[in-house]
Amino acid sequence: MVEHRPLTDFIAYAILTLGVFIVAFPVYLALIASTHDAATVVGGHMPATPGAQTLENYYRAIFVGGARTSREPVANMLINSFVSAIGIAVGKIFISILSAYAVVYFRFPFRKTAFWIIFITLMLPVEVRIYPTYKVAADLRLLNTYAGLILPLIASATGTLLFRQFFMTVPDELLEASRIDGAGPFRFFWDTLLPLSVTTMAALFVIQFIYGWNQYLWPLLITTQDSMQTIVIGIKKMLVTTDELAEWQLAMATAVLAMLPPVAVVIFMQRLFVRGLVQTEK
């Protein structure tokens with residue numbers, strides 16, 4: 001039984017409120033800055049209320065682009081980032097769930113060795129193997145393509161480990177029942193394991209989508225055309241240090257727009273995650 005103490009509850013809620021304020025205040029400032037002109041933002045006296053240039057700033061950011069550095073509209077950058085993040089997340093889940101299924105349910109020589117080799121690749125992120133990965137992508141003519149943005153990043157030891165641990169908790173009686181019903185390996189995977197893995201896939205999809213959305217180094221190397229640049233690179237190019245005044249209102253509008261797809265994915269997958277938990281309990 002949980003004992004409720006007014007003082008303890010007050011301290012807990014005060015800490016939570018302070019944490020929410022610390023996290024939300026920069027987002028609020030970015031939202032407010034995106035509604036004013038550049039002079040107001042950098043002048044040091046930006047009001048705490050929205051300005052009158054909201055529609056103009058967001059229209060320029062989405063459909064026109066900046067005038068000084070990156071002229072690519074945010075709409076194109078959002079599409080590139082979305083396609084890249086979706087491809088990375090789906091690819092990681094597809095490869096991870098199949099590799100985990102093979103490691104857990106198939107008997108072949110050096111099965112555990114294969115898993116540990118996959119696990120050791122956690123120590124080799126793309127930043128460590130950046131040069132050979134870029135060389136292979138360039139030789140295969142994957143520069144400035146969606147395949148070049150996605151394929152080098154879809155292998156996931158983390159996903160394989162997550163699915164492996166989940167599959168090991170599935171009762172052996174389900175496998176035996178499937179064999180009695182005459183189900184082969186593919187049918188057992190499709191009809192039994194896949195529905196049970198919905199919550200795991202939803203959680204992994206959120207993690208990997210945000211991972212792909214926030215990629216900076218690899219898209220910076222693999223894309224040389226403005227039409228293929230992602231939203232993170234676009235924001236960085238808007239904030240270059242030059243003698244000219246940076247278009248902070250467009251940069252803040254772009255930052256606000258860049259937060260929307262990850263938030264939407266988290267909300268959607270949260271509903272799917274809860275629905276999967278309810279079905280599992282039934």
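Which residues lie nearest the centre of the largest pocket? In this predicted model, where local features need pLDDT of at least 70, side-chain atom pairs count only at pLDDT 80 or more, and totals for chains, interfaces and linings use all residues, they are Lys92, Arg129, Ala155, Ser156 and Ala157, out of a lining of 23 residues. Residues are numbered from 1 along each chain as its sequence is written, and side-chain values use heavy atoms, with hydrogens and water left out.

A pocket here is an open set of points on a 1 Å grid over the protein atoms alone, where a 1.4 Å probe fits, with protein on both sides within 12 Å along at least five of seven lines, and lining residues have an atom within 4 Å of a point. The largest pocket has a volume of about 470 Å³, and α4, α8 and α11 each supply at least two residues of its lining; helices are DSSP runs (H or I, at least four residues), numbered from the N terminus.

Helix α8, residues 157–167, also has buried residues, namely Ala157, Gly159, Thr160, Phe163 and Phe167, where buried means under 20% relative accessible area with a 1.4 Å probe, protein chains only. These residues lie on the same side of α8, because they cover an arc of only 155° around the axis, the arc being that of the directions from the helix axis to the C-beta atoms. They pack against α4, α5, α10 and α11, with contact meaning heavy atoms within 4.5 Å.

The second largest pocket holds about 270 Å³ of space, and α4, α5, α8 and α9 each supply at least two residues of its lining.

How values were computed: Buried means under 20% relative accessible area, exposed over 50%, partly exposed in between (1.4 Å probe, protein chains only). Grid points are joined across faces, edges and corners, and a volume is the space filled by probe spheres set on the points.
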